[in-house]
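Dear colleague,

I am passing on the structure we spoke about, and below it you will find my notes on what turned up in it. Please read them with the model open beside you.

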Amino acid sequence: MSNGLVVALSGGVGGAKLALGLSRVLAPEDLLIVANTGDDFEHLGLSISPDIDTLTYVLSGLDNQVLGWGRRDETWSFMETIATLGGESWFRLGDRDLALHVERTRRLRAGQTLSQITRDVCRQLGIAQRVLPMSDDPVRTRVRSDEGWLDFQDYFVRRQCKPVVHELVFEGAAQARPQADVLTALASGTVRAVVICPSNPFISIEPILAVPGLRDALARCGAPVVAVSPIVGGRAVKGPTAKMMQELGLTISAATAARRYDGLLSGYVVDPADADDVRGLSATIKTAPTLMTDLATREALARIVLDLADSLAPRR
Ligand code: FO1
């Protein structure tokens, strides 16, 4: 019997770790993962959806654990060859990974939605959980930096997050419609918990919350909203979260990440090292080791998050 649906909001690398943990402790039909698509872009004529792809590869066990993105057992003949032709090689598309982008691009051009394509790819790769984009409409994160306006992957990969960030915008978000099945699930009255994975709040979770109607639907679904801090011991586990906090004039802390979800959070899981820092937040705090180094720690954290959510659930 189902224990209720868990809706997880996730970006790529950090979020996918907890999503995998959740997938191991929940029945497949009880997990719905909503992926950020603000990182999506068109490159070499192909439609790339990095966060959906990272989630797909991680959940299917095909992920490249060295890089944190892309496929395992990858080869790079295409990249090497395009470089010899003077083509663009700053964004690395592996030979195996390339197949996914070619197939997605073909199907998008044929009029299929990103949701349909993602659903089919997941099925093909043996993923039983639902992974859905936040929207089937294009949303593109752009960065206002000391080098001017940059497209997200220009900032993130080409410039390796070096430019100083002044502002982030999610182009297209105001016109984007939330993914329909996500809205249906949130309105179903069967949601046990909403989990905000330990992804970068600025570039992975806020684009999801910027899709009109999604934040409200999450707040109204009747289930506790529990986040896991992306800051551990006052530092970002990976990626530019801490650097962005500083550049945006914010304190680098677990509390700063939680404040990005003001009005939404009922529970917050932080590392014991950050316990002092989060005093004063209105969310219920649970301290637990949040570094996910292997499968066991991912599952353990998933259980802690669910226990916290269940302890906060309104009695029905
Ligand atoms: N990240 C990199 O740092 N360098 C790359 O060359 C790169 C290629 C790439 C290709 C396909 C894909 O799905 C993801 C890829 N990523 C790459 C990761 C990705 O762009 C970022 O980690 C996310 O957008 C941030 O969540």
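A residue is called exposed here when its relative accessible area is over 50%, and buried when that value is under 20%. Please also bear in mind that this is a predicted model.

With that cut-off in hand, I begin with two residues whose backbone stands out. Most residues other than glycine have a negative phi. Asp-73, although it is not a glycine, has a positive phi of about 50°, and this residue is found in the loop between helix 2 and helix 3 (77–84). Because its relative accessible area is 61%, Asp-73 counts as exposed. Gln-160, likewise a residue other than glycine, has a positive phi near 50°, and its place is the loop between helix 6 and strand 8 (165–171). With a relative accessibility of 51%, Gln-160 is exposed as well.

Next comes the ligand. The space that it takes is the largest pocket, and of the 15 residues around it, Asp-39, Asp-51, Phe-91, Arg-92 and Gln-153 come nearest.

Which side chains have a polar atom facing an oxygen or nitrogen atom of the ligand? In the side chain of Asp-39, an N or O atom is 2.8 Å from an oxygen atom of the ligand, while a polar side-chain atom of Asp-51 lies 3.1 Å from a ligand oxygen.

Finally, the interior. In soluble globular proteins, nonpolar side chains tend to be buried together. In this model the largest nonpolar core has 52 residues, and those with the most contacts inside it are Leu-9, Leu-186, Leu-265 and Tyr-268. Helix 8 (residues 201–209) gives the most to this core, contributing 5 residues. Another core, of 33 residues, lies apart from it, and includes Leu-31, Val-195, Val-226 and Met-292.

With best wishes

Methods. Residues numbered from 1 in each chain as written. Predicted model: local features only at pLDDT ≥ 70, side-chain atom pairs only at ≥ 80, totals over all residues. Heavy atoms only, no water. Core = buried A, V, L, I, M, F, W, Y, C linked by side-chain atoms within 4.5 Å. Buried < 20%, exposed > 50% of the residue type's maximum accessible area, 1.4 Å probe, protein only. Helix = DSSP H or I, 4+ residues; strand = E, 2+ residues; numbered from the N terminus. Near = heavy atom within 4 Å. Polar contact = N/O pair within 3.5 Å; in protein donor to acceptor, adjacent residues only side chain to side chain. 1 Å grid on protein atoms, 1.4 Å probe; cavity = no way out; pocket = protein on both sides within 12 Å on 5 of 7 lines; lining within 4 Å. Sits in = over half its atoms within 2 Å of the grid points.
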